Amino acid sequence: MSGAPLAIRPFSRPLPLRLRRAVLISGHGFQLKGGSMTTFDNREKAFEDKFAYDAETAFRIAARRNRLLGLWAAEQMKLTPEEADAYAKAVVQADFEEAGDDDVIRKLVGDLTAAGIDVTDHAVRRALEEKTVEARRQLLESK
């Protein structure tokens, strides 16, 4: 034949996997990639991708829930639409203070009580559960 390496001859059989991993075609400056990922690598990547997707989805649901909860509390306090929007954003920001929902509940109970509205932790937790369901539904519908 013409002396061309086996790997770039037209219609030639591919090199075995163990040889493809390290073949460097002289004069062309590129390297052939060796084989594909193993089944284990594919499964590991799939689990990592699912974990990342689930974490992002949970974050989006929590943020949407906190916004809905802020709008609910703003309605209780009879705020204007502009004030309600700003308050809802403040409730979303309050969730970043510490892990869990206690920081949001504390903020809502404190703000509602300061506005003269008689509210309990239990009532806010119930509203939080209802808004979680609503946020999940809205997120699924938007996809």
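Visitor: What does the accessible surface of the chain come to?
Guide: About 10400 Å², of which 57% belongs to carbon and sulfur atoms. Accessible areas come from the Shrake-Rupley method with a 1.4 Å probe, and for residues only the protein chains shown count as cover. This is a predicted model, where local features need pLDDT of at least 70 and side-chain atom pairs count only at pLDDT 80 or more, while totals for chains, interfaces and linings use all residues. Residues are numbered from 1 along each chain as its sequence is written, and side-chain values use heavy atoms, with hydrogens and water left out.

Visitor: And what share of the residues is buried?
Guide: Buried residues are 25% of the 143 in the chain. Buried means under 20% relative accessible area, exposed over 50%, and partly exposed in between (1.4 Å probe, protein chains only).

Visitor: How many helices and strands are there?
Guide: Five helices and zero strands, giving the pattern α-α-α-α-α along the sequence. Helices (H or I, at least four residues) and strands (E, at least two) are DSSP runs, numbered from the N terminus.

Visitor: At what angle do α2 and α4 pack?
Guide: Helix α2 (residues 39-76) and helix α4 (residues 102-114) pack at about 10°, with their axes 10 Å apart. That makes α2 roughly parallel to α4. Angles under 35 degrees count as roughly parallel, over 145 as roughly antiparallel, 65 to 115 as roughly perpendicular and the rest as oblique. Axes are lines fitted to C-alpha atoms, for helices over the stretch in contact, and angles run from 0 to 180 degrees between N-to-C directions.

Visitor: Which residues meet there?
Guide: Asn-66, Leu-69, Trp-72, Ala-73 and Gln-76 in α2 meet Val-104, Leu-108 and Leu-112 in α4. Contact means heavy atoms within 4.5 Å. By class, this contact has six nonpolar, two polar and no charged residues. Ala, Val, Leu, Ile, Met, Phe, Trp, Tyr, Cys and Pro count as nonpolar, Asp, Glu, Lys and Arg as charged, and the others, Gly among them, as polar.

Visitor: How do α2 and α3 cross?
Guide: The axes of α2 and helix α3 (residues 81-94) come within 8 Å and cross at roughly 135°. That makes α2 oblique to α3. Residues in this contact include Gly-70 and Leu-71 of α2 and Tyr-87 and Val-91 of α3. The contact divides into nine nonpolar, two polar and three charged residues.

Visitor: Is Lys-78 buried or exposed?
Guide: Lys-78 counts as exposed, at 72% relative accessibility.
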